[in-house]
Amino acid sequence: MLNTKTILIVDDEPRTRQGLKKTLDIWANGKYQIDTASNGEEAIELMQQQKVHILITDIRMPEITGLQLLKMAKAQNIYPVIIVISAYSEFEYAQEALRLGVINYLLKPISKKVFIEAVEDAVQAVEKQERAGVIEKVVDKKLVEANTQNPSNRVPIREAIDYINNHLKNELTQKEVADHVHLNPSYLSVLFKEHVKLTFSEYVTRRRIQRAKELLISTNLPINDIAEESGYKTAKYFIKIFKELEGMTPSAYRKINNERAF
């Protein structure tokens, strides 16, 4: 994604905290930002200031315990992927941690191998959340409807939609798609409108803008490149169409969604 992922380690024991950080620094090799906090209060302050993707916290800490930290984060709508570390294996700790959304509960002493495996699982969980977030942001209700208009008994329409979806970067004329599905262009136009509830050009435009939205959120590509990837020959025309459909420029869309983002 656009920004470097942040992993926050919270432990009141300096030796443990620095040991975990060193292990992750070597593993991350600069790909992730590894931060540390010595107590729950410091951790909450850090999470309020910046997006923490993965939180690794000890359970037993003075003043604010690991479980209290998780509750405080949840109350403030802060939802990192959580790994809990503990020297205690009492069932109630693990049970409470799971209720608070912990994906892994590690008992001290932890081997480096087990620790890294847990972090790698957490990274996968973050990526899954982000993919779901992108899908939610770029979804176009009219396209969802278009793709669920019972096309099973209309094979040419399903084939036409698949062809469009796979050739968005191309010029895509109605004749080209009609030739692909062995229909007269005029007949395809009528069938398309009847079953998709959008005209051919409306569908292509909405699908291209959806593709552009995906790229705006998930990449650092310049607007010119996104226009090209979405099937527009000029950035100027792309920006015009995007603004008509979304009510804002592509740059504004990117800025707003990345500020809310992951």
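Two strands are taken to pair if DSSP finds at least two bridges between them. Helices (H or I, at least four residues) and strands (E, at least two) are DSSP runs, numbered from the N terminus. The structure is a predicted model, in which local features need pLDDT of at least 70 and side-chain atom pairs count only at pLDDT 80 or more, while totals for chains, interfaces and linings use all residues. Residues are numbered from 1 along each chain as its sequence is written, and side-chain values use heavy atoms, with hydrogens and water left out.

By the pairing criterion, S1 and S3 are parallel partners joined over 4 bridges. Within this pairing, Leu8 stands opposite Leu55 in S3, and the bridge partner of Ile9 in S3 is Ile56. S1 (residues 5-10) also pairs with strand S2 (residues 32-37), again in the parallel sense, over 6 bridges. Here Lys5 stands opposite Tyr32 in S2. The chain passes from S1 through H1 to S2 in a right-handed β-α-β crossover; right-handed means that, with the strands pointing away from the viewer, the path from the first strand over the helix to the second runs clockwise.

These strands belong to an open sheet of 5 strands with parallel pairing, in the order S2-S1-S3-S4-S5. S2 and S5 are the edge strands, each pairing on one side only. Neighbouring strands of the sheet are turned by 15° against each other on average, direction ignored. For such angles, axes are lines fitted to C-alpha atoms, for helices over the stretch in contact, and values run from 0 to 180 degrees between N-to-C directions.

Accessibility was classed as buried (under 20% relative accessible area), exposed (over 50%) or partly exposed (in between), with a 1.4 Å probe and protein chains only. Strand S1 is largely enclosed by the rest of the structure, because 6 of its 6 residues are buried. In a regular strand the side chains alternate between the two faces of the sheet. In S1 both faces are covered: Lys5, Ile7 and Ile9 are buried on one side, and Thr6, Leu8 and Val10 on the other.

A salt bridge was counted where a side-chain nitrogen of Lys or Arg lies within 4 Å of a carboxyl oxygen of Asp or Glu. The rule gives 15 salt bridges. One of them joins Asp25 and Lys21, with the closest N and O atoms 2.9 Å apart. Because the two residues are 4 residues apart in helix H1 (residues 14-28), Asp25 and Lys21 are separated by about one helical turn. Asp25 is partly exposed, at 35% relative accessible area, and Lys21 is partly exposed at 22%.

A further salt bridge is formed by Asp58 and Lys108, whose closest N and O atoms are 3.4 Å apart. This pair links distant parts of the chain, 50 residues apart: Asp58 is in strand S3 (residues 54-58), and Lys108 is in the loop between strand S5 (102-107) and helix H5 (112-138). Asp58 is buried, with a relative accessible area of 4%, whereas Lys108 is partly exposed at 24%. Both residues take part in a network of salt bridges that also includes Asp11 and Glu13.

Lys233 and Glu171 form another salt bridge, at 3.7 Å from N to O. The two residues are 62 residues apart and again link distant parts of the chain, with Lys233 in the loop between helix H11 (223-229) and helix H12 (235-246), and Glu171 in the loop between helix H7 (155-166) and helix H8 (174-180). Both Lys233 and Glu171 are exposed.
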